[in-house]
Amino acid sequence: MPARAAARLSRAIVAWTTIATGDLSHLSGGALLRILRQVWPTPDPSAGPLGPPLRARAHRRDRESSFEVQDPAADPCAGLSMNFKNALTAGCLLLVVSACTLFRPPAERLTPASGVATLSIVGTNDLHGGISARDDRGGLALLGGYLKNLRGARTRDGGAVLLVDAGDMFQGTLESNATEGASVVAAYNALGYTAAAVGNHEFDFGPTGPAATPRAPADDPRGALKARAAEAAFPFLAANLVDVASGRAVDWPNVKPAVLVEAAGVKVGIIGVMTREALTATIRANVGGLSVAPLAQTIRGHATALRTQGAAVVVVAAHAGGRCLNFDRPEDLSSCESSSEIFSVARELPRGLVDVIVAGHTHAAVGHQVEGIAIIEALSGGRAFGRVDLDVDRLANHVTTRRMFAPRQICAREDPTTRTCDPAATAGTLVQAEYENAPVMPDAAIDLALAPALEQVRALKARPVGIVLDTPVRRLEPDSPLGNLFTDALLASVAGADVALHNSSGGLRADLPQGPLTYGSVYEVMPFDNLVVPIQMTGRQLRQVFATHLQRSSRVIGFSGIRVRAQCSGEALELVLMRPSGTPISDDEPLVVVVSDFLATGGDGILAPIIPPGGFPLPDTAALARDVFADYLNRLGGHLRQEDLLEPGNSRLSVPGAPPIRCSTP
Ligand SMILES: [Zn+2]
């Protein structure tokens, strides 16, 4: 997440959690008023006599506070005659709404006998194998601690917790990838997941075993995914994943379109869908014979059927997402990317059919309401979770009240003011994290479930790569020794290639430490299972790529095989590309450029000036960039120092000042 977005999210969480914790003693009267206004906005006078269709009010509950969003269709005052409603002025509407809420029993006094149950829908997404805590943040044992506290609260009031994942569970860490995601499933079973959507990266492992794609006719390209589904104590959901041969949703053991569960006496339907781009965002060889049906149309069909079967609540687990920056008011979408896929889906659905969408895939944060649907998404890597509470009238069989929560950071220790451990929002001493009035303690049962995988990985991490680093090799800027080393490995892996390019800022995740190199360190540099893809372009196109990027971004492109010389000529940035020998590369010279599948399909926008619609074609089989890197280092052998990777006086990139470069006439 960009620093600016992180800061805005953090500011929102400050306001949110200050109310949530009830600790208002440090606030001035004015500050308190501002925060209260955020959660208790005054009526919008421009909204006409009835005001906006949904209103928020301040609400305190178990030291958590949130917006209570009243759906007019479910409101006890919905029975007021339209004439009476039309007679109301904007000024007295708030009073009436407040009076209406008085007739609704407060959740704290609810008991199973009262007919109303609170369901807490907890959403996670894009775990990407992030099963272990990093720097006291995230990890499934710690998530288990938050869940334990929340389940305690729901047990006390006769409600229930439903835990739903929006997909991309497995791909991304050695702890998960070494077991093809089995470690994640073991932990998810112990955490008591209700259901999980299938994400695009769930296809990444291909058949069971080390090969990521089928090698023999008998190999099932979906073998690893099916094995994980079979191990899961909860269903994998993929309603819009279609078997082209049958024209129907796939029919694999424990992979279903939707499921109807009962929680606290309430029937809840859960439907799983994946993004329209799912099958182009994984290894193509593993998704032959499959297609993805339109999300909204699929959801509409299943949600209608689930309602007919008695579902009072319909939840969608969608591996498709949105992106918002401000969480002050769930109905305020001004900070959201309105064209996001999941918002479009929500706008296509009939109002009242779906209650909650647990979203994912964009690795962003959402805690917003779109067309009456509560949509939550909580970043990635197991760092946060989303939550929506629903009060359900069991006799009337519908949701009466909905409370949305901002994405919650998963922290062992937290800033006592902001209730987060996001470094962008912490200052001073951190204290023991609390949730639902109790300290958050890692759940030992989850650690136990993860122990075998962690043990297996310990040996793999310690495996020597066969080279000794006499100094650390770092991702410095703008000339990155690690970026140089990594792209040298990419270039050497494709015979006859001229150039290698890589999104080194963002794509390389750690420095290489000094000492005998281990596979664990290589993995930390490159945790993504990116594939090596050679593409064709001309010298002119490559120059366009660099010129656009250097003027647009401060992020470093790592590259090998060329030297880039940039200088300002008036307002124009002039670029010369040459071979390391100094021979210039002409505009019409054909070049083979090695990139990752991430770049080839438009990742980071680096190839944006020249990319064909839909991205460059990917080969059916391709080497993993990480393995290419490890093999290259192993072949290099001996000793290596950081300075060996830099050529003073002939550095790979020469630019007039720090990017993004703005040339201007003096
Ligand atoms: Zn995804």
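## Thr 400 and its neighbour

In this predicted model, the side chain of Thr 400 makes a polar contact with the side chain of Thr 401, at 3.4 Å. Thr 400 belongs to strand S19, and it counts as buried because its relative accessibility is 13%, which falls under the 20% cut-off for that class.

## The zinc site

The zinc ion is held by four residues, namely Asp 168 through OD, Asn 200 through OD1, His 319 through NE2 and His 361 through ND1, at distances of 2.1 to 2.2 Å. Along the sequence these donor residues follow the spacing D-x31-N-x118-H-x41-H. Asn 200 sits in the loop between strand S6 (195-197) and helix H8 (223-231), while His 361 sits in the loop between strand S15 (356-358) and strand S16 (365-370), so this pair ties together parts of the chain that are 161 residues apart in sequence. Both Asn 200 and His 361 are buried.

The arrangement of the donors around the zinc ion is irregular, because the four donor atoms subtend angles of 82 to 169 degrees. For four donors to count as tetrahedral, all angles would have to lie between 85 and 135 degrees. As a point of reference, the ideal angle for four tetrahedral donors at a metal is 109.5 degrees.

## Three disulfides

How many disulfides does a search of the whole structure find? The search finds three. One of them joins Cys 324 to Cys 336, with an S to S distance of 2.0 Å, and this link is right-handed, with 110 degrees about the S-S bond. Cys 324 and Cys 336 are both placed in the loop between strand S14 (313-319) and helix H10 (341-348), so the pair ties together parts that are twelve residues apart in sequence. Cys 324 is buried, as is Cys 336.

Another disulfide is formed by Cys 411 and Cys 421, whose sulfur atoms are 2.1 Å apart. The torsion about their S-S bond is about -85 degrees, and the disulfide is therefore left-handed. Cys 411 lies in the loop between strand S19 (398-409) and strand S20 (413-414), whereas Cys 421 lies in the loop between S20 and strand S21 (431-432), the two being ten residues apart. Cys 411 is buried, with a relative accessible area of 0%, and Cys 421 is buried as well, with a relative accessible area of 8%.

The remaining pair is Cys 568 and Cys 663, with sulfur atoms 2.0 Å apart; their link is left-handed, with -75 degrees about the S-S bond. Because Cys 568 lies in strand S29 (residues 563-569) and Cys 663 in the segment after strand S33 (653-654), the pair ties together parts that are 95 residues apart in sequence. Are these two cysteines buried or exposed? Cys 568 counts as partly exposed, at 34% relative accessibility, whereas Cys 663 is buried, with a relative accessible area of 13%.

## The surroundings of Glu 589

Glu 589 is found in the loop between strand S30 (572-578) and strand S31 (590-596). Its C-alpha atom is separated by 5.4 Å from that of Thr 538, although the two residues are 51 residues apart along the chain. When neighbours within four places in sequence are left aside, the residues in contact with Glu 589 are Met 537, Thr 538, Gly 539, Arg 579 and Pro 584.

The side chain of Glu 589 also takes part in polar pairings. With the side chain of Arg 579 it makes a polar contact at 2.7 Å, and a polar atom of the Glu 589 side chain lies 3.1 Å from the backbone nitrogen of Ser 586.

## Nonpolar cores

The largest nonpolar core has 50 residues, of which Leu 140, Tyr 146, Tyr 188, Leu 191, Phe 203, Phe 236 and Leu 241 touch the most other members. At least two residues of this core are supplied by each of helix H5 (140-157), strand S5 (160-165), helix H7 (182-191), H8, strand S13 (290-292) and helix H11 (444-462). The largest share, seven residues, comes from H5.

Leu 191 shows how such a residue is surrounded: not counting residues up to four places away in sequence, Leu 191 touches Leu 140, Leu 143, Gly 144, Leu 147, Arg 151, Leu 163 and Ile 446.

How values were computed. Residues numbered from 1 in each chain as written. Predicted model: local features only at pLDDT ≥ 70, side-chain atom pairs only at ≥ 80, totals over all residues. Heavy atoms only, no water. Donors = N, O, S within 2.8 Å, 3.2 Å for Na, K, Ca; no water. Tetrahedral: all angles 85-135°; square planar, octahedral: opposite > 155°, others 65-115°. Helix = DSSP H or I, 4+ residues; strand = E, 2+ residues; numbered from the N terminus. Buried < 20%, exposed > 50% of the residue type's maximum accessible area, 1.4 Å probe, protein only. Disulfide = S-S within 2.5 Å. Contact = heavy atoms within 4.5 Å. Polar contact = N/O pair within 3.5 Å; in protein donor to acceptor, adjacent residues only side chain to side chain. Core = buried A, V, L, I, M, F, W, Y, C linked by side-chain atoms within 4.5 Å.
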